[in-house]
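Subject: A structure to look through

Hi,

Here is the structure I promised to pass on to you.

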Amino acid sequence: MEMRVISALYAYPQLDRIGKDLEEHIKNKALLSYGSRVATEKLAESLALEIVKRQGVGRLKAMIDKAIGVLSEEERTLLDIRYFGKADRVRRQIAAAKAGLCKLPFKPWKERTYYRKQAKLLKRMIALLRGQGLDERSFDDDYMEIDYVAMLYQYLALGKTVAADKKERQLLLFMSET
């Protein structure tokens, strides 16, 4: 379940765009169906499958939104850093706080503390999503049809890292210097 939730979290920032792209694709496919050589029944079936996929994107985003809604500011910041590609924004916040321009909603972490908090947060996100009915089977049935989520899952299952990992390490280095 852990790898599935991680895949969904990495995909989360793109889910709105994916949903809009699918919606546009469905509309275009329907509008251009008059010139199609595909049987009407097959075309309708294809459109229905695309609509189900679009609804899945919306449900996954709503589930993650609901889970994020109960998190503390610090936990949301941890998600931003690791999964949502906002490590640079957090780095700027820390620099501004160091310069006395603002107050941080969290205390900068030592590396070991940071990784412990990330592990605890992932367990909490899994529990929050499970509480909404998400389990391995439902994830595979409902959300592995979303190409981007499936691609991320396969990529991570191969033991590869995402580009955000480098920014995360740079942020930790920056925090240790301040």
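Below is what I found, going from the whole chain down to single residues.

This is a predicted model, so local features need pLDDT of at least 70 and side-chain atom pairs count only at pLDDT 80 or more, while totals for chains, interfaces and linings use all residues. Residues are numbered from 1 along each chain as its sequence is written, and side-chain values use heavy atoms, with hydrogens and water left out.

The whole chain

The chain has 9 helices and 0 strands; helices (H or I, at least four residues) and strands (E, at least two) are DSSP runs, numbered from the N terminus. The C-alpha trace spans about 65 × 30 × 30 Å along its principal axes. Of the 178 residues in the chain, 38% are buried, where buried means under 20% relative accessible area, exposed over 50%, and partly exposed in between (1.4 Å probe, protein chains only). The accessible surface comes to about 10900 Å², and carbon and sulfur atoms account for 52% of that surface. Those areas come from the Shrake-Rupley method with a 1.4 Å probe; for residues, only the protein chains shown count as cover.

Contact here means heavy atoms within 4.5 Å. If you take the contacts between residues at least 6 apart in sequence, 81% of them join residues at least 24 apart.

Two helices side by side

How do α2 and α3 run relative to each other? The axes of α2 (residues 15-31) and α3 (residues 40-69) come within 10 Å and cross at roughly 165 degrees. The two helices are therefore roughly antiparallel to each other. Axes are lines fitted to C-alpha atoms, for helices over the stretch in contact, and angles run from 0 to 180 degrees between N-to-C directions. Angles under 35 degrees count as roughly parallel, over 145 as roughly antiparallel, 65 to 115 as roughly perpendicular and the rest as oblique.

On the α2 side, the residues making the contact include Leu 15, Ile 18, Leu 22 and Ile 26. Those from α3 include Leu 43, Leu 47, Ile 51 and Val 57. In total, the residues of this contact divide into 11 nonpolar, 3 polar and 7 charged.

Helix α1 (residues 2-11) is mostly covered, with 8 of its 10 residues buried. Val 5 and Leu 9 are among them, and both are in contact with Met 125.

Met 125 sits in helix α6 (residues 111-131) and is buried, at 0% relative accessibility. Leaving aside neighbours within four places in sequence, Met 125 also contacts Ala 67, Ile 68, Leu 71 and Leu 79.

Ala 67 belongs to helix α3 and is buried too, at 1% relative accessibility. Ala 67 and Leu 128 are 61 residues apart along the chain, yet their C-alpha atoms are separated by 5.7 Å.

Ser 138 is buried, with a relative accessible area of 18%.

Happy exploring!

Terms used
Nonpolar A, V, L, I, M, F, W, Y, C, P; charged D, E, K, R; others polar.
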